[in-house]
Amino acid sequence: MIEEKAERRTVERLQAALDGKLDGYLRTDPASRALWSTDGSIYLRRPAGVVAARSEEDVKRALTAAREIGLSITPRGTGTSLAGQTTAPGLALDTSLMQRVFEVNADERRCSVEPGVIQAELNELVKPHGLVFGADTSTANVATLGGMVGNNSAGMRSIYFGTTADQILSLRCVLASGETVELAPLSREEAERRARGGWMP
Ligand SMILES: Cc1cc2nc3c(=O)[nH]c(=O)nc-3n(C[C@H](O)[C@H](O)[C@H](O)COP(=O)(O)OP(=O)(O)OC[C@H]3O[C@@H](n4cnc5c(N)ncnc54)[C@H](O)[C@@H]3O)c2cc1C
């Protein structure tokens, strides 16, 4: 009874914070919460609500609401994971609708995409340039780049192409605080400088 009341209050707070304020959408109805409660695993953990984000702004709005309400956030692509890592009782943050490809630079063999882009669709796009995003998971026709990064997905030809981590040049991430950061490899010298505390701007 007390739990039910607290759950209802959480749902109301989510609705007040996010309903009608997203480029994507918020779902808090029992059917949607059941749909997003599992992935490719046997786990069943019903989220308090689901945000299907369509933009970086949506991600920030969802993180702000979750922080204010005190909910954990669990990102999710197409939810094909096998170990329940997309299931949790907090707010499910689905980025599978974020499917923009910002740039394909064939000369430098790199592209810039949103996390919901599907691996096989990206590969169709870059095929005319003789390129391929390796790390060929067997779920390539549904797996999102965001989910592949989360799992460091690999496949049969990873021994040649490497895993997902080997293909990533940089990541633009929104932290739980709402801050946006760009993550990219550092030179050894720069890593050592920062390890000595020389990273403050
Ligand atoms: C039949 C079958 C075969 C499979 N074969 C393989 C295989 O060959 N190789 C392999 O590596 N895996 C395999 N998998 C597992 C899975 O399909 C892959 O790892 C896939 O790349 C996951 O992509 P997804 O979009 O479904 O991610 P999800 O399952 O939705 O998410 C995966 C992880 O990434 C996180 N995440 C998702 N999106 C974001 C985001 N935007 N920001 C931050 N974190 C995020 C999630 O929280 C989760 O921890 C298989 C699964 C099945 C069911």
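Mentor: What follows is a set of questions and answers about the terms used for this model.

Mentor: Before we start, this is a predicted model, in which local features need pLDDT of at least 70 and side-chain atom pairs count only at pLDDT 80 or more, while totals for chains, interfaces and linings use all residues. Residues are numbered from 1 along each chain as its sequence is written, and side-chain values use heavy atoms, with hydrogens and water left out.

Trainee: What makes β1 and β2 a pair, and in which sense do they run?

Mentor: Two strands pair if DSSP finds at least two bridges between them. β1 and β2 (residues 49-52) have 3 bridges, in the antiparallel sense, so by the definition they pair. As for the names, helices (H or I, at least four residues) and strands (E, at least two) are DSSP runs, numbered from the N terminus.

Trainee: Why are β1 and β3 called edge strands?

Mentor: The open sheet has 4 strands in the order β1-β2-β4-β3, with mixed pairing. β1 (25-27) and β3 (73-76) each have a single partner strand, so one side of each is left without a neighbour in the sheet. From one strand to the next, the twist averages 20°.

Trainee: How do you know that helix α1 packs on the sheet, and which strands does α1 touch?

Mentor: Contact means heavy atoms within 4.5 Å. Helix α1 (residues 2-18) touches β1, β2 and β4 (91-94), and its direction makes about 170° with that of β1. Such angles run from 0 to 180 degrees between N-to-C directions, with axes as lines fitted to C-alpha atoms, for helices over the stretch in contact. Helix α3 (residues 56-69) lies across β2, β3 and β4, at about 175° to β4.

Trainee: Is N123 buried or exposed, and how do you know?

Mentor: Buried means under 20% relative accessible area, exposed over 50%, and partly exposed in between (1.4 Å probe, protein chains only). N123 has 16%, so N123 counts as buried. N123 sits in helix α4 (residues 119-126) and, leaving aside neighbours within four places in sequence, is in contact with V132 and F133.

Trainee: What makes the phi of R109 worth a comment?

Mentor: Most residues other than glycine have a negative phi. R109 is not a glycine, yet its phi is positive, about 55°. R109 lies in the loop between β5 (101-105) and β6 (110-113), and with 67% relative accessible area R109 is exposed. N152 also has a positive phi, near 45°, in a residue other than glycine. N152 belongs to the loop between α5 (145-151) and α6 (158-161) and is partly exposed at 35%.

Trainee: How many residues surround the ligand, and what makes a residue count?

Mentor: A residue is near a molecule if one of its heavy atoms lies within 4 Å of it. Around the ligand there are 24 residues, the closest being P75, G77, T80, S81 and A154. α5 gives the most to this shell, with 5 residues.
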